[in-house]
Amino acid sequence: MEIDGNTYVEISATGHNLGKWVETQTPTCTAMGREQRVCENCDHFETRNVEAFGHDRVEHPAQSATCTEIGWEAYEACSRCEYSTCAEIPQIGHRFGTWFEFQAATCTANGEERRNCSNCEHYEARELETLGHTDANNDEICDLCEKNLSADSTTDDNDGLAPVAFLLQNTTNGRKILK
């Protein structure tokens, strides 16, 4: 074909040669993604939406709250994102009863009082001070433990208790030795 003295040859359009789809925005559980492909012959491109994944729901059983740990109701959570239907149950805290004597104090040793939690096996303890020796009748013998309290008493090594024999077993020949 000739126009204004110039000769032109008509060349048929080659059409677009679109490449592979490439992800330009990754889909999530709740938001769509996008893909694009570009023509290898020109700057033409096409885009398309990619459907959201949807949640990958995992079921979790209920857990009772304890005195020191939170609990929760049965719930679902997504394995890919932060989605969760978890409803926490606050810890219930200890519920202590009244104080009771766990170990009595003596003239020379401290005792202990305790109070137990009614929900678990936890307890609180507090020390009871030693009673000290008492001699209400002034006979120089402790009214509680019967220790001789006289100033010239030299038998203080056993704290006023009667001597005790210890029975030991000799494991090599089976003989019993009294000390």
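**View 1. Glu-140 sits in the loop between β12 and β13.** Strands here are DSSP runs of E with at least two residues, helices are runs of H or I with at least four, and both are numbered from the N terminus. Phi of Glu-140 is near 60°, a positive value for something that isn't a glycine. Glu-140 counts as partly exposed, at 43% relative accessibility; the scale calls a residue buried under 20% relative accessible area, exposed over 50%, and partly exposed in between, using a 1.4 Å probe and protein chains only. Keep in mind that this is a predicted model, where local features need pLDDT of at least 70, side-chain atom pairs count only at pLDDT 80 or more, and totals for chains, interfaces and linings use all residues. Residues are numbered from 1 along each chain as its sequence is written, and side-chain values use heavy atoms, with hydrogens and water left out.

**View 2. Asn-138 is another non-glycine residue with a positive phi, at about 55°.** Look for Asn-138 in the loop between β12 (123–128) and β13 (167–169). Asn-138 is exposed, with a relative accessible area of 65%.

**View 3. Three strands make an open antiparallel sheet in the order β3-β4-β5.** The edges are β3 (22–25) and β5 (45–50), each pairing on one side only. From one strand to the next, the twist averages 35°; axes are lines fitted to C-alpha atoms (for helices, over the stretch in contact), and angles run from 0 to 180 degrees between N-to-C directions. Two strands pair if DSSP finds at least two bridges between them.

**View 4. β4 and β5 pair up in a hairpin, with six residues joining the two strands.** Strand β4 (residues 33–38) runs antiparallel to β5, and six bridges hold the pairing. Among the pairs to pick out, Arg-34 stands opposite Asn-49 in β5, while Gly-33 has Val-50 of β5 as its bridge partner.

**View 5. On the β3 side, three bridges join β3 to β4, again antiparallel.**

**View 6. Arg-114 lies over the faces of Phe-102 and Tyr-123.** Arg-114 is 3.5 Å from the ring centre of Phe-102 and 3.9 Å from that of Tyr-123. The test for a charge over a ring wants NZ of Lys or CZ of Arg within 6 Å of the ring centre and within 35 degrees of the ring normal.
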